[in-house]
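Visitor: Hello! Could you walk me through this structure, one question at a time?

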Amino acid sequence: MDNSSVSYLESRKLVKRWNGPIPALVNTFLILAFFYATWWIFQDPRGLMRMYTPYVGYMVCRWLLILFIWLAYIFDFWPFKRSWLNKTHPLIKGAVLTLVSVAAMIILMKGFFVEILGNFGIAYFNPDRLMAMGITEFYAIEYAAEAIMMFAAIASWLSPSWVVACENAPWQKLGQPARGITIVLVTFFLSMIVYFVTMHSHMAILFYPWQKFTAICPPYWEEFANTVSGNFHIAWIMCCTVVVWLYETIWERYPFNLIKHDGLRRVTSFFGIIAIAVALCFFLFYAQDLVWGSTIRGTRRLMAPDWRWLHVGEMAIFWLVPTLFLNFYCNNWPNKFSRPVNVCIRTLLTAALAVVVYVIYYKTSHLFLGTQKGFSHPQQFPMIPMIWLINIFLINVWFMDGWPGWKAVQKTEAELENHQNEVVASDVKWTQGIAKGLGIGLVAGALLYFAIIKALPWVGANITIIK
């Protein structure tokens with residue numbers, strides 16, 4: 001096996017330029033500085049472009065994420081040559097790849113969704129058409145941006161899933177751009193199906209009277225979710241997006257990579273990610289009931305079922321930030337134990353750090369980001385700054401090889417062989433010790449679950465995050 005037979009991200013190894021925590025500290029400082037500068041320029045309601053309306057800014061950061069995934073994971077940086085990727089300075093490479101992604105994003109959003117779908121298919125994708133029918137400018141832009149954004153939210157789950165869970169099958173042996181175009185078209189088609197059965201009815205009820213001749217109104221999920229809002233679907237779709245990256249990074253594709261049969265492993269991984277995400281979704285919704293009390297349909301803000309479902313997705317995104325930071329800048333610590341133990345420690349650690357990020361965000365975001373104070377204010381969308389930060393992580397690690405704290409070197413043949421352990425694990429064998437550990441883990445997990453359930457009402461009654 002040589003470097004040309006694997007993707008660029010798999011072919012390289014990031015090596016620290018300095019010893020100790022200095023690379024992580026330097027990169028963290030520069031990333032936060034770049035985050036705040038770009039936030040002020042593009043997103044902040046007090047800044048220059050003020051895209052945080054909030055849905056216009058949400059649409060932009062979501063589609064940026066998709067274009068980064070497509071370029072790095074789906075197309076393996078095609079049409080850029082491997083020699084250019086290896087030799088170009090990280091600053092130049094990062095700028096070029098980011099600008100190409102931004103240009104493709106604008107063409108896709110404006111050209112496909114607004115001009116084609118909005119003019120020849122569905123009016124709500126085009127704000128000008130909505131305004132011509134009497135919708136005020138603000139709501140016309142917000143509704144169109146929400147529809148385009150939700151398509152990206154679905155694609156940000158399905159696109160990486162095809163690479164991570166399905167291992168690019170059955171097109172893994174195709175060269176670029178044939179493989180990339182095929183996977184993008186297939187996942188785009190699947191995203192369109194999911195969009196129409198989850199979000200089209202949500203868009204239809206935004207207009208009065210409800211558009212019952214073009215969508216199912218009221219939506220089929222109304223009685224189960226206790227709301228007609230599509231936020232119910234945002235909840236589990238966002239959890240799917242997060243679990244895909246948990247599986248790819250801190251879990252190292254464990255435990256489904258223990259399955260040696262290719263087809264069974266891929267199918268199990270794809271649907272296993274969905275099952276884990278749905279379980280996470282309902283746990284986070286139940287946790288809110290324990291902290292704030294049961295939802296009351298007809299109310300707004302904190303007690304409303306539609307906002308609670310939205311907040312499920314927001315809480316999930318808070319988990320993704322420390323997950324990617326641990327994987328990108330902390331060498332996926334720890335690594336010295338067995339794979340199951342490493343995965344367990346990383347999961348608990350990143351979940352705890354997610355709580356820390358959650359608290360810090362809600363205590364301080366209104367002071368620095370131009371958002372409004374409170375959990376459920378209509379102008380408070382934590383997914384936007386969190387995804388904006390994640391996009392900068394991806395630019396730094398995928399496009400810039402971790403510069404300046406890290407540099408890319410080519411993996412040796414032995415290191416490339418070791419990488420295959422992530423696809424089909426060979427370092428975990430079924431033994432009596434594994435069986436015993438599994439039993440202990442199940443008991444410990446159940447005890448932890450009930451301890452959290454017991455503690456959450458006390459947390460709601462005694463701890464105040466926002467005064």
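Visitor: Leaving out residues up to four places away in sequence, which residues does Asp44 touch?

Guide: Welcome! First, this is a predicted model, where local features need pLDDT of at least 70 and side-chain atom pairs count only at pLDDT 80 or more, while totals for chains, interfaces and linings use all residues. Residues are numbered from 1 along each chain as its sequence is written, and side-chain values use heavy atoms, without hydrogens and water. Contact means heavy atoms within 4.5 Å. With residues up to four places away set aside, Asp44 touches Trp39, Arg50, Phe368, Leu369 and Gly370.

Visitor: Is Asp44 buried or exposed?

Guide: Asp44 sits in the loop between helix 2 and helix 3 (55-74); helices here are DSSP runs of H or I with at least four residues, numbered from the N terminus. Buried means under 20% relative accessible area, exposed over 50%, and partly exposed in between, with a 1.4 Å probe and protein chains only. Because its relative accessible area is 0%, Asp44 is buried.

Visitor: At what angle do helix 2 and helix 15 cross?

Guide: Two packed helices are described by the angle and the distance between their axes. Axes are lines fitted to C-alpha atoms, for helices over the stretch in contact, and angles run from 0 to 180 degrees between N-to-C directions. The axes of helix 2 (residues 22-43) and helix 15 (residues 383-399) come within 10 Å, and they cross at roughly 125°.

Visitor: What does that make helix 2 relative to helix 15?

Guide: Angles under 35 degrees count as roughly parallel, over 145 as roughly antiparallel, 65 to 115 as roughly perpendicular, and the rest as oblique. Their angle of roughly 125° therefore makes helix 2, relative to helix 15, oblique.

Visitor: How many disulfides are there?

Guide: A disulfide is a pair of cysteine sulfur atoms within 2.5 Å. The sulfur of Cys61 is 17 Å from the closest cysteine sulfur, in Cys239, so that is too far for a bond. For Cys330 the closest cysteine sulfur, in Cys344, is 18 Å away, again too far for a bond. By this rule, the count of disulfides is zero.

Technical notes
Helix = DSSP H or I, 4+ residues; strand = E, 2+ residues; numbered from the N terminus.
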